[in-house]
Amino acid sequence: MSRVGILAVLIISACGAQEAPLIRANTILGDAITQPLTETAGDTIRGEQLFVSRNEGHCILCHQVDGLDAEFQGDVGPDLTLVGDRLSAGQLRLRIADYQLVQPGALMPSYYRIHDLHQVGEAYSGESVLSAQQVEDIVAYLVERRASGDDA
Amino acid sequence: MKRFAGATLIALIPACSAPPAAENATEIAAEDIVSGSIFLTAETRDLQEDNFANPGYLWVDRGEALFSKAPASGEACITCHEAGLSGVAATYPAYDEKAGRVLNLEGRINQCRVTHQSEPAWEYESEELLSVTAFVANQSLGAPVSVDVSGPAQDIYEAGRDYFQTRRGQFNLSCQQCHTENWGKRLRGDTLSQGHGNGFPAYRLEWESLGSLHRRLRDCDLGVRAEPLPYGDPLYVAVELFLAARSNGLEMESPAVRR
């Protein structure tokens, strides 16, 4: 590669423009990703930990789930206490991965996305907020937030 | 081939420029503009309003001493500014003819040091610059923010507005989305403020120190996992101008106390 070519690649990689979407368009059906992102099934308990953990998902910064052992839950986003009655696993998966594909301009960050971002901190360059397995864990936790409680 | 590669490079650079800021962005209605002190607990607000208890006054007092002290090479600030600088800070950032650009209060103080006192500029966020800035800002306590964004300041104001409205960082959030569109809602135990700068330099409990508005802006950029700009960056000065214009009429509160 020519020196100029290498420079061009360096410049592009600095802004994330070359990153391919993590979610392929042909895996999206309507407003859902029906197939899990990983072969290992999501873990509900791990999902609850991620939902609360300040250093990982920290979903409670903006959302609430009644009965969680966590004080001061946020209210910027909707209450998710009964979200399993409203949304399927596939719908939750797409909303967590990249809500902006469901609703362009939506406030909610895209947790499984690396493309088309701007001024990303060096420490986070080229990385999604959550791993595919972490998305699956949170989907597993949220899909069980239903009035009936247990799995159907 | 080389020329072709060069052309390709130039064509690719725009891919790295900032995405467009939100079009038709909403603004807070003038009658709804409120200071960040509204969102404090009663205890913290009392702390701010008590000149003896408010830790920010440690810096104001240091600033007063520095203001009166002649540097080795020249005269003290007070020699020229004997009558004080009441109300001046409320008009900053402002376009400065001599500098040919918009300066914030820190930049204006450093300009005086360099041109009138033949002293090196103080480093941004140094105790000296924070202290003198707080001392000067405090002389506008209670005065309405009244910055001018007409004429040569217009472009800088617009650059600041664009920064405020542009999504950035791994979390892909703009300042606007939290501080204009969702102020008053809760992020866990914190209430989202409207993001005004009328209290800065401010004593922030999280810092256990006084800090500049640029330090606060850096914290927000870091919060959305964006690469923060350097202290004193002209783009942060532009954001500061936009924020001040957005809050024109609010009372100056420096040194405010913030969470």
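Two residues are said to be in contact if their C-beta atoms, placed from the backbone, lie within 7 Å. Keep in mind throughout that this is a predicted model.

Begin by selecting Ala245(B), which sits in helix α10 of chain B, a helix that covers residues 234-246. Leaving aside neighbours within four places in sequence, Ala245(B) is in contact with Val147(B), Val149(B) and Tyr157(B).

Next, select Ala89(B), Ala134(B), Val136(B), Ala238(B), Val239(B), Leu241(B) and Phe242(B), the residues with the most contacts inside the largest nonpolar core, which has 52 residues. The largest share of this core, eight residues, is supplied by α10(B). Apart from this core lies another, of 26 residues, including Cys59(A) and Tyr141(A).

Finally, show helix α3 (residues 56-68) and helix α6 (residues 127-138) of chain B, whose axes come within 7 Å and cross at roughly 95°. Angles of 65 to 115 degrees count as roughly perpendicular, and α3(B) and α6(B) are therefore roughly perpendicular to each other. Where they meet, you will find Trp59(B) and Phe67(B) among the residues of α3(B), and Leu130(B) and Phe135(B) among those of α6(B). The residues of this contact divide into eight nonpolar, four polar and three charged.

Terms used. Residues numbered from 1 in each chain as written. Chains lettered and ligands numbered in written order. Predicted model: local features only at pLDDT ≥ 70, side-chain atom pairs only at ≥ 80, totals over all residues. Helix = DSSP H or I, 4+ residues; strand = E, 2+ residues; numbered from the N terminus. Core = buried A, V, L, I, M, F, W, Y, C linked by C-beta atoms within 7 Å. Buried ≥ 20, exposed ≤ 12 C-beta atoms within 10 Å, placed from the backbone. Axes fitted to C-alpha atoms, helices over the stretch in contact; angles between N-to-C directions. Parallel < 35°, antiparallel > 145°, perpendicular 65-115°, else oblique. Nonpolar A, V, L, I, M, F, W, Y, C, P; charged D, E, K, R; others polar.
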